[in-house]
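User: I have a model open and would like to learn how to read it feature by feature. Could you walk me through it?

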Amino acid sequence: MKRTGSDFAVRSVEYASAEQKAALRDHSPTGLVPLLQVGEDTIWDTLAIAEWAAETYPQAQLWPADPVVRAYARSVTAEMHSGFAALRALCGMGPSHPIAGDVRSDPPSDPALDRDLSRLVSIWKQMRGRYGADGPWLFGAWSIADAFFTPVAARVRHYRIDLSQHGDTDGIAAAYMQTLLSQPDFQEWEAEALAS
């Protein structure tokens, strides 16, 4: 939403306890965050929110302009959105695993996690190699794909995952991860999370 340049308000909620989860259900049909309220309408899925923003604010250029590049950007974003089950399950985030700041956890050892991490490195290296010449982001210019991979970069950092053990022998994926973690909007969010 920041990339659209629109006016919007953020409401932070806690959802660690049963009571907090019940209160969240008064606003979120899934009981999860994030969600976007637009007038009387509620959009409760991250990818749907991103697509709404891209359609409502086309001048923000949230997806690559080239249709082929945009298809790749949407493909890797959708893969991140619906896949990487082992990474999500074994390298969790949330109240029990705050991934902001310098607190670190050791990475678990699991073959499914290794496959997810190898796939992650492959995506980052392939897209940066093929489309990243015009800037530091996955497709050169910043896009929704970068927004979706930023929490993943924070997980990799939090769990001290060595990407070189998953195919990043040239450091391309690690450099992209640092780009994500250095993005000002992410750093602002992280500072707010640490202050709360």
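Predicted model: local features only at pLDDT ≥ 70, side-chain atom pairs only at ≥ 80, totals over all residues.

User: Let's begin inside. How many residues does the largest nonpolar core have, and which of them have the most contacts inside it?

Analyst: The largest nonpolar core has 43 residues. Those with the most contacts inside it are Val76, Leu120, Trp124, Leu138, Phe139, Phe149 and Leu163. Next, look at which elements give two or more residues to this core: helix 2 (46-56), helix 3 (67-82), helix 4 (85-90), helix 5 (111-131), helix 6 (144-158) and helix 7 (172-181).

User: Take Phe139 as an example. Which residues is Phe139 in contact with, leaving aside its neighbours within four places in sequence?

Analyst: With those neighbours left out, Phe139 is in contact with Pro64, Val69, Tyr72, Ala73, Val76, Met127, Tyr131, Gly132 and Ala145. Val76, on that list, is also one of the core residues with the most contacts.

User: Some of those are aromatic. How should I read a ring pair?

Analyst: A pair of aromatic rings is described by the distance of the centres and the angle of the planes. Six aromatic pairs are present in this structure. One of them is Trp52 with Tyr57, an edge-to-face pair at 6.1 Å centre to centre and 75° between the planes.

User: Let me try single residues. Where is Ala54, and is this residue buried or exposed?

Analyst: Ala54 is in helix 2. With a relative accessibility of 15%, Ala54 counts as buried. Leaving aside neighbours within four places in sequence, Ala54 is in contact with Leu62, Trp63 and Ile144. Leu62 and Trp63 are also among the residues closest to the centre of the second largest pocket. For a sense of distance, Ala54 and Ser105 are 51 residues apart in sequence and 35 Å apart in space, C-alpha to C-alpha.

User: Where are His166 and Arg88?

Analyst: His166 is in the loop between helix 6 and helix 7, and at 11% relative accessibility His166 counts as buried. Beyond neighbours within four places in sequence, the contacts of His166 are Asp114, Leu117, Ser118, Val121 and Ile161. Arg88 is in helix 4 and counts as partly exposed, at 34% relative accessibility. With neighbours within four places again left out, Arg88 is in contact with Met80, His81, Ser82, Gly83 and Arg155.

User: Last topic: the backbone. What should I look for?

Analyst: Most residues other than glycine have a negative phi, and most peptide bonds are trans. Exceptions deserve a look. A cis peptide bond, with omega about 0°, joins Val33 and Pro34; Pro34 lies in the loop between helix 1 (18-25) and strand 1 (36-38).

User: Where are Gln61 and Arg160, and what is the phi of each?

Analyst: Gln61, in the loop between helix 2 and helix 3, has a positive phi of about 50° although it is not a glycine. Gln61 is exposed, with a relative accessible area of 59%. Arg160 has a positive phi near 50° and is found in the loop between helix 6 and helix 7. At 46% relative accessibility, Arg160 counts as partly exposed.

How values were computed
Residues numbered from 1 in each chain as written. Heavy atoms only, no water. Core = buried A, V, L, I, M, F, W, Y, C linked by side-chain atoms within 4.5 Å. Buried < 20%, exposed > 50% of the residue type's maximum accessible area, 1.4 Å probe, protein only. Helix = DSSP H or I, 4+ residues; strand = E, 2+ residues; numbered from the N terminus. Contact = heavy atoms within 4.5 Å. 1 Å grid on protein atoms, 1.4 Å probe; cavity = no way out; pocket = protein on both sides within 12 Å on 5 of 7 lines; lining within 4 Å. Phe/Tyr/Trp six-rings, centres within 6.5 Å; stacked < 30°, edge-to-face > 60°.
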